Amino acid sequence: MTRPVSVDELLNRELELFEREHPRSHELSRRAERSLLSGVPMPWMIRWAGGFPVFAADAHGARFRDVDGHEYVDFCLGDTAAMTGHSPDPTVRAVAQQAAHGITLMLPSEDAIWVGEELTRRFGLSRWQFSLTATDANRFAIRLARELTGRPKILTFNWCYHGTVDETVATLSRGEVVAREGNVGPPVPLAETTRMVEWNDIDALELELAHRDVACVLTEPALTNIGIVLAEPGFHDALRQLTRTHGTLLIIDETHTLCAGLGGYTAAYGLDPDVLTLGKAIGAGIAAGAYGFSEDVGERLEAMLPRDERADVGGIGGTVAANVLSLAAMRATLAEVLTEDAFARMIALGERFEAGVTGVIERHDLPWHVTRLGCRVEYLFRRERPRTGSDAAAGGDAELDRLIHLYALNRGILLTPFHNMALMSPATTEADVDLHTAVFDEAARELAEF
Ligand SMILES: Cc1ncc(COP(=O)(O)O)c(C=O)c1O
């Protein structure tokens, strides 16, 4: 074969290889077109780098096999929901045991108290509620913030992601808040519900909060959904102080940043949010979300929401939310999987991954960089570290992204789609990390030859 001379040619070579090596997945994806909308169970699955998705056969720990018999090291890990590793034994045991003794009852189990107490120990907030997803945790937290403050709007940061929360699927366009590209059926113009500023922009934050119509700021403590964009020194202090000054609640979404350690970024960096939301990995992938309130906010909510009128039509809840299976999964996962020892291992692997990528970038003198937050690592195809979500978005290169993902997939590595992101689980090994470094090096060498 002649040597490819452009990203395009290299991509075509890898697409041919992918199709040749995945006949069964290809066949299943054709069959799926007859019963599933666009041939996939979820819309974004159509966007996997190979043109059709790899169909999974089974997964355990940091690895999975596809229906064509290939084994992969999984750095995507269900994009964080399986940060525990796939099917960790303690969670599987607890779920099997609980499933045989009731799945959902509309009654609490003792596990709910255990999980509430453990979340308080880890994150410091004192009153907890449960949902099925992080999206719902965010939606319910926003509703409660509106109710408590009597204010209509929320504030988020440009290029944030908090799940399918209507108010957050927005972006800034020439200073105006508009629906983000691809937002499907927004219920109202986004400027009616949302104020938005760039991450790390304290002046803009102050100006927007001064309108005094913002019920809450909803943010991750570092953006993790447009590459990783870290907070600059002083940003979190300013955010906390300004939200307090303007009577706005601060909701910290730790769904992804739990990767920073046992109590997420909040514990690692001493944040003091009014509300904290979580989901994904806390149940090792069994549907589970949680949202917690500070003592003060919890007491104000308890005083405000009349007990006898808290019917199930208030916009918060869900029949199967806080079900006993979900709580059993959270208890086992927190007690035995996402432990202090596990985080120490995972973060050390994250450091190894980061060092491997840094070495490759330097060796081939590429204008790229890598960022790490705990056991989450992401490389971006621009030299400078972004300050804002817009900087990070401008550094995106869709063609190069696709090539790197496909190149890795064809060599037994799954990266997180729409990112060049890798997560370490307690089951990930140094050899897994080194395999990625070797494959990334090979890709970089081929690219550097153009
Ligand atoms: C920070 C953050 N919050 C919330 C969510 C929503 O999680 P889910 O889709 O599981 O509801 C996501 C999803 O990626 C996320 O990244």
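The axis of a helix is taken here as a line fitted to its C-alpha atoms over the stretch in contact, and the angle between two axes runs from 0 to 180 degrees between their N-to-C directions. In this predicted model, such a description applies to helix α4 (residues 110–123) and helix α10 (residues 324–337), whose axes come within 9 Å and cross at roughly 40°. An angle under 35 degrees would count as roughly parallel and one of 65 to 115 as roughly perpendicular, and α4 and α10 are therefore oblique to each other. The crossing that α4 and α10 form is left-handed.

A second pair of helices can be described in the same terms. Helix α13 (residues 398–409) packs with helix α14 (residues 430–448) at an angle of about 135°, and the axes of these two helices are 10 Å apart. This angle makes α13 oblique to α14, since only angles over 145 degrees count as roughly antiparallel. The crossing in which α13 passes α14 is right-handed.

Attention now turns to the ligand, which is surrounded by 13 residues, the closest being Thr135, Asn225, Asp253, His256 and Lys280. When the residues of this shell are sorted by class, eight are polar, three are charged and two are nonpolar. Among the elements of the fold, helix α5 (residues 134–149) gives the most to the shell around the ligand, contributing three residues.

The ligand on its own has 390 Å² of accessible area, of which the protein covers 84%.

Most residues other than glycine have a negative phi, yet serine 38, which is not a glycine, has a positive phi of about 60°. The loop that holds serine 38 lies between α2 (23–32) and β1 (56–60). Phenylalanine 418, again not a glycine, has a positive phi of about 65°, and phenylalanine 418 is found in the loop between β15 (413–414) and β16 (421–423).

Definitions and conventions
Residues are numbered from 1 along each chain as its sequence is written. This is a predicted model: local features need pLDDT of at least 70, side-chain atom pairs count only at pLDDT 80 or more; totals for chains, interfaces and linings use all residues. Side-chain values use heavy atoms; hydrogens and water are left out. A residue is near a molecule or strand if one of its heavy atoms lies within 4 Å of it. Accessible areas come from the Shrake-Rupley method with a 1.4 Å probe; for residues, only the protein chains shown count as cover. Helices (H or I, at least four residues) and strands (E, at least two) are DSSP runs, numbered from the N terminus. Ala, Val, Leu, Ile, Met, Phe, Trp, Tyr, Cys and Pro count as nonpolar, Asp, Glu, Lys and Arg as charged, and the others, Gly among them, as polar. A crossing is left-handed if the near helix is turned anticlockwise from the far one by less than a right angle, and right-handed if clockwise.
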